[in-house]
Amino acid sequence: MKKYANQTFDEERALYGEKDILVENCRFDGPADGESAFKEGQNITVKNTYFNLRYPFWHDEKLVIKNCEITSNCQAAFWYSQNIRINDTRMHGIRALRECSNVEITGSDIVSSEFGWSVSGVTMKDSSAESEYFMLRSEKLRFENVRLKGKYAFQYISDSIFENCNFDTEDAFWHAKNVIVRNSVIKGACLAWYCRNVTFENCTITGTQPLCYCRGLKLVNCRMIDADLCFERSEVDATIIGSVISIKNPLSGTIYVDGVQEIIMNDPAGRGIITTQQTKS
């Protein structure tokens with residue numbers, strides 16, 4: 001494996017088309033302001049390296065990125081690439097992951113708007129993210145112990161599993177399909193509208209107007225805080241620990257809840273059954 005160490009690169013396509021290389025303790029920065037440093041490369045390992053130039057990894061195959069820094073000036077860091085492993089890395093460039101597949105991210109910090117659009121097979125563990133439209137139109141996501149802050153996360157995703165996560169993001173999971181969220185905290189208004197076959201297990205959900213216009217929705221032993229106008233026109237089966245502010249016109253299914261301050265059933269199509277702790281006894 002060819003090695004580049006302790007060098008600075010700022011020219012256009014500095015390592016274009018390189019294969020089987022190790023890059024260590026380098027900097028991609030400088031007055032030439034060159035783009036696309038690693039475009040069309042294969043089997044590339046990068047360690048302890050600083051990126052401050054645009055579009056470094058495009059159309060690459062088999063990347064390993066360890067303990068690197070990608071600054072906010074480094075736009076669109078990973079596009080059209082596959083088989084990527086990112087460990088202990090700061091990714092602060094906008095649009096940092098798009099149309100990639102088979103990606104593993106661990107121990108990393110992400111500050112990147114429009115991160116993870118149209119990706120497939122992304123595993124993320126023990127990481128944090130701050131983003132808008134995080135993971136838009138992506139599939140086969142597997143997240144564990146991920147903290148997220150932002151807006152409009154996980155819209156139009158499919159076939160994904162999230163465990164032990166903490167998400168502070170309004171309008172999350174809109175139009176999501178075939179998704180399971182377990183042992184997680186989800187905070188934000190208007191959660192998961194228009195979703196299909198989504199299940200929340202042992203979760204804490206906070207925010208107004210959650211889970212409306214859903215089909216095949218399930219809640220298992222979840223808590224709902226500051227939740228009003230829940231489940232409007234949804235097909236839902238739910239077991240809720242504690243009380244909610246109000247439930248409005250669920251289309252079908254059964255909602256078991258310890259208590260509800262107000263039940264609104266003013267839509268003839270709303271035929272869902274709401275059973276409180278008092279009525280069960």
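**Chatting through the model**

A: Let's begin with F154, which touches F134, M135, L141, F143, L148, F162, F167, F173, W174 and A176, leaving aside residues up to four places away in sequence. Keep in mind that this is a predicted model.

Q: Okay! Which residues have the most contacts inside the largest nonpolar core?
A: Those are F78, F154, F173 and F200, and the core itself has 79 residues.

Q: And which strand gives the most to this core?
A: That would be strand β25, residues 236-248, with five residues. As background, nonpolar side chains tend to be buried together in soluble globular proteins.

Q: Where does F78 sit, and what is it opposite?
A: F78 is in β10, and F57 stands opposite it. Strand β10 covers residues 78-79 and pairs with β7 in the parallel sense over two bridges.

Q: In what order do the strands of that open sheet come?
A: The order is β7-β10-β13, three strands with parallel pairing. The edge strands are β7 (57-58) and β13, since each of these pairs on one side only.

Q: What holds paired strands together in general?
A: Strands of a sheet pair through backbone hydrogen bonds, either parallel or antiparallel.

Q: What about C212?
A: C212 is in no disulfide either; the nearest cysteine sulfur belongs to C214 and is 6.9 Å away.

Q: Is C203 buried or exposed?
A: C203 is buried, because its relative accessible area is 2%. C212 is buried too, with a relative accessible area of 0%.

Q: Can we look at H92? Where is it?
A: H92 is in the loop between β12 (90-91) and β13 (97-98). Even so, H92 counts as buried, at 17% relative accessibility.

Q: Which side chain does the side chain of H92 make a polar contact with?
A: With the side chain of D109, at 2.7 Å. Leaving out residues up to four places away in sequence, H92 touches I70, T71, S72, D109, I110 and V111.

Q: Next up, T206. Which strand is it in?
A: T206 lies in strand β23, residues 204-206. With 16% relative accessibility, T206 counts as buried, because the cut-off for buried is under 20%.

Q: What does T206 touch?
A: Apart from residues up to four places away in sequence, T206 touches I186, K187, G188, I225 and D226.

Q: How far is T206 from I240?
A: Their C-alpha atoms are separated by 13 Å, and the two residues are 34 residues apart along the chain.

Q: Last one: what's the phi of Y133?
A: Y133 has a positive phi of about 55°, although it is not a glycine. In general, most residues other than glycine have a negative phi.

Q: Where does Y133 lie?
A: In the loop between β16 (120-132) and β17 (142-151). Y133 is partly exposed, with a relative accessible area of 34%.

Q: And D159?
A: D159 has a positive phi as well, near 50°, and is not a glycine. D159 lies in strand β18, residues 158-163, and counts as partly exposed at 33% relative accessibility.

Methods:
Residues are numbered from 1 along each chain as its sequence is written. This is a predicted model: local features need pLDDT of at least 70, side-chain atom pairs count only at pLDDT 80 or more; totals for chains, interfaces and linings use all residues. Side-chain values use heavy atoms; hydrogens and water are left out. Helices (H or I, at least four residues) and strands (E, at least two) are DSSP runs, numbered from the N terminus. Buried means under 20% relative accessible area, exposed over 50%, partly exposed in between (1.4 Å probe, protein chains only). Contact means heavy atoms within 4.5 Å. A disulfide is a pair of cysteine sulfur atoms within 2.5 Å. A polar contact is a pair of N or O atoms within 3.5 Å; within protein, one must be able to donate a hydrogen and the other to accept it, and residues adjacent in sequence count only if both atoms are side-chain atoms. A nonpolar core is a set of buried Ala, Val, Leu, Ile, Met, Phe, Trp, Tyr and Cys residues joined through side-chain atoms within 4.5 Å. Two strands pair if DSSP finds at least two bridges between them.
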